[in-house]
Amino acid sequence: MVQPTDSPILSVENLRVDFATFAGPVHAIRDVSFTLNKGETLAIVGESGSGKSVTVRSIMGLLANNARIVAGRIMFQDADILKNTKRQLNALRGNDIAMIFQDPMTSLDPTMPIGKQVAEPLRLHTSISEKKALAEAVRVLQLVGIQDAAERLKDYPHQFSGGQRQRIVIAMAIITQPQILLADEPTTALDVTIQAQIIHLLKEIQATTGTSIIFITHDLGVVAGIADRVAVMYAGKIVEYGMVDEIFYNPQHPYTWGLLEAMPTLTTSADRLYTIPGTPPDLLAPPPGDAFAPRNPFAMQIDLAEQPPFFPVSPTHAAATWLLHPAAPQVTLPPEIARRRQIWAARFAH
Amino acid sequence: MIKYVLKRLGYLVLTLFIVATFTFFLMKLLPGTPFNNPKIAPDQIAVLRKQYGLDLPVWQQYLNYMVGVVHGRFGESYQFTGQSVSYLISTRIGPSLQLGVQAMLIGTLLGILLGAVAAMRKNSWVDATATIFAIIGRSIPNFVIAALLQFWLAYKLHWFPIALWTGFSSSILPTLALAMAPLANTARFMRTEMVDVLNSDYIEVARAKGNSQWQLVARHALRNSMIPVVTIIGPMAVDLMLGSLVVENVFAIPGIGQQFVQSITTNDYPVIMGLTMLYSAMLTGVILIVDILYGIIDPRIRLSGEVNA
């Protein structure tokens, strides 16, 4: 299940996270494993509550107080991050691994000038002087596209627009040249044109610094724009992973099908857009089989009873669905998925 | 900014004028006269009334007084013959200001500290203790605290003078008695706000940058949590000034609070007027300082001419 890769910089292995509630433990992450390669962008997609955020928050040690890591390890630089002391964790955060948050309107300290906020990680992790740190802040702010950065160091967050603030948040994250950037829905709170600019900016930064990015989103359009590889999460598990083209044109898991069908294309002419029927399972008591089975029109008896293992599709692509079992019946694909498979097949015909 | 402060000072003068006018006429409605001493003969009283201009119609007395005030003359005390009100206040304001400033500083600074620690250790015994302390501090009147401190620490243990003004050591107990309410209030506001602030997104971002818990609080949480605390500094100053009226009496402190009470019981009109205006000036001054503090602490609040006075 752990994907073999050339040079993983981070590997999450068999992670399980519970949240203590009055009703009992909620199993938010149920045996998640993946690797992140040097210089690549891995997108984690899934609907709200699928565990995307909890997964990256585990990496950063930013889980809520009632969260408990039940099992698993997160290997970074030959050490398990989960075994770090608070001090080791603080030395890592904002230095080797940095994070970009969802809402730029609330991500910045309203009472601190932005120059100081951008320079803060440098001041925390290096012995650089305030003056040099601010000079570096100007450089990074220019890099992320803040006009007249030098003159605006003393300005406060409320003097910037939402898109500018997200650029400042990104500047803050990359000033220490981290090896890994965790981006938790960084474009969700922005309007579409600004989204595209921010994605373009992240790709540019990656091209110059070679940083690895984990990009969390529920927006497949954004995934197509930024990701090298994709992991699809559902109900606290990864159900399918692969290169971005493999996920978009040769999807295997019915949940991935549902996500792709729900995304309108240029040819969509239906009165109502497609939605996946039903609701995600209650993670207080996850179902024994494939958690997606109750919403899955292609579900078989075994889907309700037994958890499907990962079936490899290619060296880089695998999906956890019984449909890939040699004994499974051939199903009639939804039209949108059939169309995508045709594009995929045509690509190999040449 | 300078324009703003000047404008506010203008409002301050207007406020004082209104307060003086109201006080003057209300004061005239007080029962009794300044010359209640039975040893003074009626004809002597008539002479005194003429001497102080009290035989004139009230509106003329008012005009005379206001003209005097504009020229910086606040009149003479009836009670202490020959002492001008300005002199009386200037010799007595020292201890009162000392107590007020000490109580305010101790109250707000300790309150901020206590509230911050309670918020950082939310739902722990530290938090519970701080909450109980805040409830006690808020609910027991300061003159009761004053009497308790006086009885135990001064009378029983002889650590401090009981009721005698000899300088700093005499100021400790009254300062504590006065500081209790501001301390409790500040702690309560600080805790509530800081719990909120510590849950906010930018604190999580700051944590993701590698700030330790203490760095988080020192660099980001404290300042943001202090905004509502600044709001209550004004009302707390009022409480302090009122509290000092009684507490100064309990500890026999020769301050203006004690003088104020005396001047009212003896109908010492010029002193009542002078002190009322002094208190109003101090209060509006505190409110002005609070508004300026807002702008310093929270850059989103810009000082401009539009701010309500």
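Chain A carries an open sheet of four strands, in the order β2-β1-β4-β5 with antiparallel pairing. Two strands count as paired here if DSSP finds at least two bridges between them, and strands (E, at least two residues) and helices (H or I, at least four) are DSSP runs numbered from the N terminus. Keep in mind that this is a predicted model, where local features need pLDDT of at least 70 and side-chain atom pairs count only at pLDDT 80 or more, while totals for chains, interfaces and linings use all residues. Residues are numbered from 1 along each chain as its sequence is written, and chains are lettered from A and ligands numbered from 1 in the order in which they are written.

**The sheet in chain A**

- At the edges stand β2 (24-37) and β5 (79-80) of chain A, each with a single partner strand, so one side of each has no neighbour in the sheet.
- Strand β1 (residues 8-21) of chain A runs antiparallel to strand β4 (residues 67-76) of chain A, and eight bridges join the two.
- If you want to find that pairing by residue, look for A:R16, whose bridge partner in β4(A) is A:A71, and for A:V17, which sits opposite A:I69 in β4(A).
- On to the next pair: β4(A) and β5(A) are also antiparallel, joined by two bridges, and A:F76 faces A:A79 in β5(A).
- β4(A) and β5(A) make a hairpin with two residues between them, and A:Q77 in the turn has a positive phi of about 50 degrees.

**The two domains of chain A**

- Chain A is split into domain 1 (1-96 + 179-350) and domain 2 (104-177), with bounds that come from an automatic or database domain assignment.
- Taken over C-alpha atoms, the centres of domain 1 and domain 2 of chain A are 31 Å apart.
- Twelve residues of domain 1 of chain A are in contact with 16 residues of domain 2 of chain A; being in contact means that the C-beta atoms, placed from the backbone, lie within 7 Å.
- On the domain 1 side of that meeting place in chain A, helix α7 (residues 192-209) gives the most, with six residues.
- The residues on this side of domain 1 of chain A come out as eight nonpolar, four polar and no charged. In this scheme Ala, Val, Leu, Ile, Met, Phe, Trp, Tyr, Cys and Pro are nonpolar, Asp, Glu, Lys and Arg are charged, and the others, Gly among them, are polar.

**Chain B**

- Chain B has eleven helices and zero strands.
- Its C-alpha trace spans about 85 × 55 × 30 Å along the principal axes of chain B.
- Of the 309 residues in chain B, 34% are buried, meaning that 20 or more other C-beta atoms, placed from the backbone, lie within 10 Å of the residue's own.
- The UniProt annotation "transmembrane region", from an unreviewed entry, covers residues 9-27, 99-120, 132-153, 159-184, 229-251 and 271-294 of chain B; such annotations may be inferred rather than shown by experiment.
- Residues 99-120 of chain B are 100% helix and 0% strand, with end C-alpha atoms 31 Å apart.
- Residues 271-294 of chain B are 100% helix and 0% strand too, and here the end C-alpha atoms are 34 Å apart.

**Where the chains meet**

- 22 residues of chain A are in contact with 19 residues of chain B.
- On the chain A side, α2 (86-92) and α3 (114-125) each supply at least two residues, and α3(A) gives the most, with four.
- By class, the side of chain A that touches chain B has ten nonpolar, eight polar and four charged residues.

Note on methods:
Contact = placed C-beta atoms within 7 Å. Buried ≥ 20, exposed ≤ 12 C-beta atoms within 10 Å, placed from the backbone.
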